[in-house]
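What does this fold look like when read from its loops to its cores? The report below takes the loops, then the helices, then the packing.

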Amino acid sequence: MATTAGYGCSSPLPLTIESSAPRASVTDLELSRAFIAGGIAACGAVTATHPFETVKIRMQLQGELQSKGHQPHHYRGPIHGVSVIIRNEGVKGIYRSIGCAYIYQVLLNGCRLGFYEPMRGTLAQVILKDSTKQNLGINMFCGASSGMIGAAAGSPFFLVKTRLQSFSPFLPVGTQHRYRNAVDGMRSIYSAEGVRGLYRGVGAAMIRTGSGSSVQLPTYFFAKRRLVRHLGMEEGAPLHLASSTVSGFVACCFMHPPDTIMSRLYNQNGNLYKGVFDCLGKTIKTEGVLAVYKGFLPHLARILPHTILTLSLAEQTNKLMRKLENRILPESALSKA
């Protein structure tokens with residue numbers, strides 16, 4: 001893969017680009033292929049992992065600003081949480097707001113794909129005098145920046161998703177928002193707070209996604225190179241699976257504290273928290289330092305298969321789409337790619 005040169009990747013999704021010589025930029029055909037493959041992969045991953053996301057959010061909110069010894073423990077872990085929700089609310093309860101999750105993933109990946117490569121190429125040209133060169137620092141910066149742009153673009157949908165997932169008529173945790181659906185949630189927030197209300201907590205969302213994006217793909221490609229070099233693994237599904245597992249664990253460790261803060265900022269009613277640092281300070285003061293890692297296990301149970309499925313499916317889907325293009329597109333279009 002031409003994208004694995006250096007210490008990072010030349011795309012926010014693993015583009016399978018066969019080439020004998022470096023090129024200055026990714027072509028429109030390759031970008032379209034990666035966007036479609038990434039969107040399919042991300043939505044497939046969300047479908048499989050959404051239940052753990054619901055549990056994670058509820059665990060992050062249970063015992064909010066309550067001192068130790070007075071906190072409820074309705075949801076004790078990923079498996080227990082899923083079983084409790086299904087038992088009381090059915091499958092519909094565990095898949096609350098799956099539609100918003102799909103839209104968020106499309107917006108996030110669209111921004112990462114749209115902004116990452118132009119930013120990386122421009123910085124590489126300015127700093128390294130060669131837009132085709134790969135550099136860990138540049139790739140991490142561009143991965144974080146493009147991820148932050150995507151988080152800002154999708155923030156209203158993540159906001160409504162969080163509030164819908166936190167709602168439970170049986171075992172409520174945190175502030176409860178009685179929206180009939182995502183559209184009703186958007187309308188209610190806009191009516192009460194305007195556009196500013198739809199972007200409540202966007203700062204925490206940008207920090208969360210930026211920190212995850214900055215390490216996820218560089219770690220994926222770093223692990224991939226090391227596994228090939230030291231264990232002799234060859235290109236294929238087992239290598240993608242192992243690399244994705246390493247990448248998912250590292251990303252979860254970096255993302256979870258801001259993820260907890262984001263969930264609380266999104267779910268608050270009124271001005272319980274004034275901002276990211278106010279929420280962080282109140283959480284630690286009242287519940288202890290480890291409170292920012294509430295829901296870590298369900299987050300890990302979500303992000304590991306999500307990362308594995310997204311990156312692995314993106315690689316495999318990319319290859320299938322390339323084969324399809326070779327069959328249906330004219331030679332002139334393929335030669336430009």
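## Loops, helices and cores

Lys129 sits in the loop that connects H3 and H4. The model is predicted. Lys129 has a phi near 65°, a positive value in a residue other than glycine. Lys129 counts as exposed because its relative accessible area is 64%, and the cut-off for exposed is over 50%.

Ser97 also has a positive phi, of about 60°, and is not a glycine. Most residues other than glycine have a negative phi. Ser97 belongs to the loop between helix H2 (78–94) and H3. Is Ser97 buried or exposed? Ser97 is buried, because its relative accessibility is 13% and buried means under 20%.

A further loop residue is Tyr75, between helix H1 (28–61) and H2. Tyr75 counts as buried, at 1% relative accessibility. Which residues does Tyr75 touch, leaving aside neighbours within four places in sequence? Among them are Arg58, Met59 and Gln62, along with His80, Gly81, Val84 and Ile85. Ser168, Leu171 and Val173 are in contact with Tyr75 as well. Gln60 is 15 residues from Tyr75 along the chain, and their C-alpha atoms are separated by 9.8 Å.

**The chain as a whole**

The chain has 10 helices and 0 strands. Its pattern along the sequence is α-α-α-α-α-α-α-α-α-α. Of its 337 residues, 52% count as buried. Take the contacts between residues at least 6 apart in sequence: 77% of them join residues at least 24 apart.

H4 has 31 residues, yet its end C-alpha atoms are only 38 Å apart. A straight helix would reach 45 Å at 1.5 Å a residue. Where does H4 bend? The bend is at Gly154, by about 60°. A proline, Pro156, follows within four residues. H4 is mostly covered, with 22 of its 31 residues buried.

H6 has 30 residues, so it should span 44 Å at 1.5 Å a residue. The end C-alpha atoms of H6 are 42 Å apart, which agrees. Gly232 follows H6 and has a positive phi, near 70°. Within H6 lies Gly203. Gly203 counts as partly exposed, with a relative accessible area of 32%.

**Nonpolar cores**

The largest nonpolar core has 19 residues. Which of them touch the most other members? They are Ile189, Met262, Leu265 and Tyr266. The elements that each give two or more residues to this core are helix H3 (98–128), helix H4 (136–166), helix H5 (182–198), helix H6 (202–231) and helix H7 (237–267). H4 supplies the largest share, 5 residues. Apart from this core lies another, of 11 residues, including Phe52, Val55, Leu61 and Ile85.

Not counting residues up to four places away in sequence, Met262 touches Phe158, Gly201, Ala204, Ala205 and Arg208.

**Aromatic rings**

How many aromatic pairs does a search of the whole structure find? The search finds 4. Two of the pairs are set out here.

| Pair | Geometry | Centre to centre | Angle between planes |
|---|---|---|---|
| Tyr220 and Phe221 | edge-to-face | 5.1 Å | 85° |
| Tyr293 and Phe296 | edge-to-face | 5.7 Å | 65° |

Tyr220 and Phe221 are both buried. In the other tabulated pair, Tyr293 is partly exposed, at 35% relative accessibility. Phe296 is buried, at 18% relative accessibility. The cut-off for buried is under 20%.

Ring pairs also link Tyr104, Phe158 and Tyr266 into a cluster. Phe158 has a charged neighbour: Lys161 lies over the face of its ring, at 4.2 Å from the ring centre. Phe158 is one of the residues that Met262 touches, and Tyr266 is named with Met262 among the core residues that touch the most other members.

Technical notes. Residues numbered from 1 in each chain as written. Predicted model: local features only at pLDDT ≥ 70, side-chain atom pairs only at ≥ 80, totals over all residues. Heavy atoms only, no water. Phe/Tyr/Trp six-rings, centres within 6.5 Å; stacked < 30°, edge-to-face > 60°. Buried < 20%, exposed > 50% of the residue type's maximum accessible area, 1.4 Å probe, protein only. Lys NZ or Arg CZ within 6 Å of the ring centre and 35° of its normal. Core = buried A, V, L, I, M, F, W, Y, C linked by side-chain atoms within 4.5 Å. Contact = heavy atoms within 4.5 Å. Expected span 1.5 Å × (residues − 1). Bend = angle between axes of the 7 residues up to and from the residue.
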